[in-house]
Amino acid sequence: MIELYAYNTPNGRKISVALEEMGLPYRVTVVDITKKQQFEPAFLKISPNNRIPAIVDPEGPDGQPISVFESGAILLYLGEKTGRFLPAAPRARVAVYEWLMWQMGGFGPMPGQVHHFLMQPEGPARDYGFTRYHTETKRLYGVLEKRLAGRDFVATEGEPSIADFAILGWAWRHERHQVPFDDLPNVGAWYARMMGRPAVRRGFEVPLS
């Protein structure tokens with residue numbers, strides 16, 4: 001049984017959704033980042049960057065245990081382990097890599113900064129930070145809107161990929177980073193399609209805090 005170390009954040013939800021979709025047995029160890037538990041020595045042994053999520057798979061390569069940190073690395077590991085949601089064909093796999101890295105490099109860090117500045121005291125610094133990162137977050141949503149034109153999923157046909165799971169984790173917080181779907185019909189339809197999947201629902205319902 002895979003051990004998932006996580007908290008109720010977009011990055012944590014990416015992995016709970018993926019585990020449910022892949023049908024892998026797992027149990028959750030909550031790492032309460034509001035109590036600085038991510039800095040505890042036992043957690044740092046498996047996640048040296050002191051960030052959630054991380055996993056420990058007792059049945060890793062060659063049947064030996066392995067720990068994996070960073071949500072993108074975990075999604076790739078799980079996709080390769082199960083042979084699901086990560087296409088075998090090289091050209092199709094490249095598209096998944098591209099959109100997974102798009103999420104990791106932009107559609108996560110940028111809305112994360114929006115969340116940060118919204119929590120700051122009123123003033124010029126808050127206004128500048130919010131405007132800068134909210135503008136970029138909206139641009140990224142526009143990129144996603146164009147990508148989803150005529151498509152059910154971001155990088156693959158027929159079923160979602162690990163890139164959809166990664167992006168969904170942050171789209172889940174679209175209200176918090178103040179991006180409604182009113183002018184993003186393709187994103188809204190994709191979001192509803194993803195959230196309508198039973199395994200995705202289970203992934204968002206499992207307690208992570």
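**Aromatic pairs and a helix**

Tutor: The structure holds 9 aromatic pairs. Rings of Phe, Tyr and Trp (its six-membered ring) pair if their centres lie within 6.5 Å; planes under 30 degrees apart count as stacked, over 60 as edge-to-face and the rest as tilted. This is a predicted model, in which local features need pLDDT of at least 70 and side-chain atom pairs count only at pLDDT 80 or more, while totals for chains, interfaces and linings use all residues. Residues are numbered from 1 along each chain as its sequence is written, and side-chain values use heavy atoms, with hydrogens and water left out.

Student: Why is the pair of tyrosine 141 and phenylalanine 181 called tilted?

Tutor: The planes of tyrosine 141 and phenylalanine 181 stand at 55°, with 6.3 Å centre to centre, and the pair is therefore tilted.

Student: What makes this pair tie together parts that are 40 residues apart in sequence?

Tutor: Tyrosine 141 lies in helix 6 (residues 124-147), whereas phenylalanine 181 lies in the loop between helix 7 (162-171) and helix 8 (185-195). Helices are DSSP runs (H or I, at least four residues), numbered from the N terminus.

Student: Why does phenylalanine 181 count as buried?

Tutor: Buried means under 20% relative accessible area, exposed over 50%, partly exposed in between (1.4 Å probe, protein chains only). Phenylalanine 181 has 15% relative accessibility, so it counts as buried. Tyrosine 141, at 0%, is buried too.

Student: How do you know that the span of helix 1 agrees with expectation?

Tutor: The expected span is 1.5 Å times one less than the number of residues. For the 13 residues of helix 1 (residues 10-22) this gives 18 Å, and the end C-alpha atoms are 18 Å apart, so the two agree.

How values were computed
Helix = DSSP H or I, 4+ residues; strand = E, 2+ residues; numbered from the N terminus.
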